[in-house]
Amino acid sequence: MKLIKQIIPVSSTVRPGKIYPKYYICIHETDNTSKGANAKAHADLLMRKARENDGYYVSYHFAVDDRCVYQMIPEKENAYHAGDGKGPGNLNSIGIEICVNKDGDFEKALLNTAELVADLYKKFSLWRGDMRQHYDFSSYKKNCPKTIRNSGRWEEFLDMCDRAYDKKYGAGKKKEEEELKALEKCGKLEKKLNDLTNKLNKLSTENDHIRQKLINKQDKIITRENPFEWEKEAVDYCVSQGIIKGDGEKIDLSEPVNMGKMTVVIYRVIMHIKKWFVKKEDFLKYNTK
Ligand SMILES: [Zn+2]
């Protein structure tokens, strides 16, 4: 398999040029059966579109035909091929277009793609389980790769990729890598779990604080056991003179006043003043005037 690198210039819509980790390989077919619609034609198309820079939001990392592979975008960068916006298809998968031009040999193109996929498995520690169809990512479920899907050959194609890998890198090695990858995933999951547990603990502590605050606030509103500084003198005096008595058990300073209570307090105040006059022996005299 011959790999030709024809990397296109960075442009906002064709090669955005941002780096993202790669978790998947996304398989497409060009759906262009015209004569000459081979890998080079699709590489040239991207080159032209990148230079024109007129809002053409289509790109892919590789195009493969029966003779060679063209690479247009570095694998680690994102590309607009999966139809899922800022989703994992465009950001985290490597897009491969398989050519279906009628003057080409599709079966050979499949074999060449399998070889490319094997190299990407190796390079990015990916495996069969990371293979995706454009259909899987597409927001409108595009029927792509069409020929493979319509003929029910997806699993067969994945087998071809596995065979290509085994031939190149050895089955034993692959198994070892898969195990390592699984272990790595386990580690990542464990870390995530730890992070979540920490977050949960933090939230729980915050919740406790808030609940305690609420309880404190409620306590104050209900019992008002301690008078405020500015009312202390008045409360002490009125309590000592029996002007306010509460319900016999406690005096609730936050309790609302009604007509009856107000009348009683006014009556007690008058009686209190009366007593004061009596003490001064002036009251009767004053009262009979
Ligand atoms: Zn596609």
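This is a predicted model: local features need pLDDT of at least 70, side-chain atom pairs count only at pLDDT 80 or more; totals for chains, interfaces and linings use all residues.

The chain has 289 residues, of which 26% count as buried. Its secondary structure consists of 10 helices and six strands. Of the contacts between residues at least 6 apart in sequence, 74% join residues at least 24 apart.

Let us turn to the sheet. Six strands form an open sheet with mixed pairing, in the order E1-E4-E3-E5-E2-E6. Strand E1 (2-5) and strand E6 (131-133) are the edge strands, each pairing on one side only. From one strand to the next, the twist averages 25 degrees. Within this sheet, strand E2 (residues 24-29) pairs with strand E5 (residues 93-98) in the parallel sense, over six bridges. There, Ile25 stands opposite Ile94 in E5.

Which strands does helix H1 (residues 39-52) touch as it packs on the sheet? They are E3, E4 and E5, and the direction of H1 makes about 10 degrees with that of E4. Helix H3 also packs on the sheet, touching E2, E3, E4 and E5, and its direction makes about 165 degrees with that of E5.

Finally, the axes of H3 (residues 106-124) and H6 (residues 154-169) come within 8 Å and cross at roughly 60 degrees, which means that H3 is oblique to H6. The crossing is right-handed. Among the residues making the contact are Leu110, Ala114 and Tyr121 of H3, and Phe157, Met160 and Tyr165 of H6. The contact residues comprise 12 nonpolar, no polar and three charged.

Thank you for your attention.

Note on methods: Residues are numbered from 1 along each chain as its sequence is written. Axes are lines fitted to C-alpha atoms, for helices over the stretch in contact, and angles run from 0 to 180 degrees between N-to-C directions. Helices (H or I, at least four residues) and strands (E, at least two) are DSSP runs, numbered from the N terminus. Angles under 35 degrees count as roughly parallel, over 145 as roughly antiparallel, 65 to 115 as roughly perpendicular and the rest as oblique. A crossing is left-handed if the near helix is turned anticlockwise from the far one by less than a right angle, and right-handed if clockwise. Two residues are in contact if their C-beta atoms, placed from the backbone, lie within 7 Å. Ala, Val, Leu, Ile, Met, Phe, Trp, Tyr, Cys and Pro count as nonpolar, Asp, Glu, Lys and Arg as charged, and the others, Gly among them, as polar. A residue is buried if 20 or more other C-beta atoms lie within 10 Å of its own, exposed if 12 or fewer, and partly exposed in between; C-beta atoms are placed from the backbone. Two strands pair if DSSP finds at least two bridges between them.
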